[in-house]
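Some notes on the model follow, for checking against the coordinates.

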Amino acid sequence: MLNFREVQAFRAVMLSGSMTQAAKDLHTSQSNISRVIGQLERRIGIRLFERQAGKLMPTLEGQVFFRDVEHTFASLRGLEEKAEQIRKRGSGRLRVASVPSMAIVAVPDAIHRFAQRFPDVDVTLHVADSLTVCQWLATGYADVGVASEIFNATSVSHEVAHQSLGVCITPTDHPLARAPTTSKTVKNVTPADLIGECFLSLKSSDVMRKRIDDACLIDGEEKRVLAYESHFAAAICRMVSRGMGVSVANPLVAREYEGELAILPFSPQIEFTTHLVYPLNLPMNMLAKAFGDALCATTR
């Protein structure tokens, strides 16, 4: 098998026309270049150079061999350029799995940000609940996930992309939206303010549904009127804006409807967390990490 250092030394001599200059180009000694060329000649069984009138001249065989060497080095340069292109623009595909709430608001913006950096990457967005998102990541069906809750923690890795406190959303003409405020603060809406109110809820399978329901109990009793349910927080926001009731929502989702509904602070605090999920037993996918950075920048 050819030795790369020997071929590199031969090429340097051919390009410079002398062993002295080749030694300078490769930051070594002339004697070392001469020794390496001799090793190459013995290895391939071809005399590559001869002396004519004191000058080093390539043999006919050396010239033919050099053409093949240059072809090989051109291929290597092509590989270097391809690697640089992949580093800068990416290549291939990215499979993103997301819970519905983030798939409607933050994830499209993150994909747009990601695509500006990696325009040659095909992105596929799959939408499911947090349990399914984590299962997809654990089985390698997706490269990166966006979830509200972590399942299969022994099979996936995860990090927090965003945390925010739940807000009460009401129609813009609702009495709570018109409540008097000071110049510096807005009165927090409390469960007592929601007594008798038509309340729009997430589906019972959603992890946030129980947290919101528990926070809204008064002396252990339900005082709201639970009239509507939806898997999609965005649908709830839209129905609230149409005057169909009130709700407690993730501010990341609610802010997309700012101006169409009132967004008010809520107490007690309910924390909404957005997790980035990755496969646990696979090397970190460069594109998945870049998408995670894009999502964090989008939700900041």
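1. H8 is the top contributor to the lining of the largest pocket, giving five residues. At least two lining residues each also come from H5 (100–104), H7 (130–139), S8 (198–202), H9, S10 (247–249) and S12 (271–279). Helices (H or I, at least four residues) and strands (E, at least two) are DSSP runs, numbered from the N terminus.

2. The volume of the largest pocket is about 500 Å³. Its lining has 34 residues, and Ser148, Leu202, Asp206, Val207 and His231 are the closest to the centre. A pocket here is an open set of points on a 1 Å grid over the protein atoms alone, where a 1.4 Å probe fits, with protein on both sides within 12 Å along at least five of seven lines; lining residues have an atom within 4 Å of a point. Volume is the space filled by probe spheres set on the points, which are joined across faces, edges and corners.

3. The largest pocket lies between domain 2 (90–163 + 274–299) and domain 3 (167–269), because both give residues to its lining. These bounds come from an automatic or database domain assignment.

4. Methionine 239 is in H9 (residues 233–241). Beyond neighbours within four places in sequence, methionine 239 contacts Leu200, Ser230 and Met244 (heavy atoms within 4.5 Å).

5. The model is predicted: local features need pLDDT of at least 70 and side-chain atom pairs pLDDT 80 or more, while totals for chains, interfaces and linings use all residues. Residues are numbered from 1 along each chain as its sequence is written, and side-chain values use heavy atoms, without hydrogens and water.
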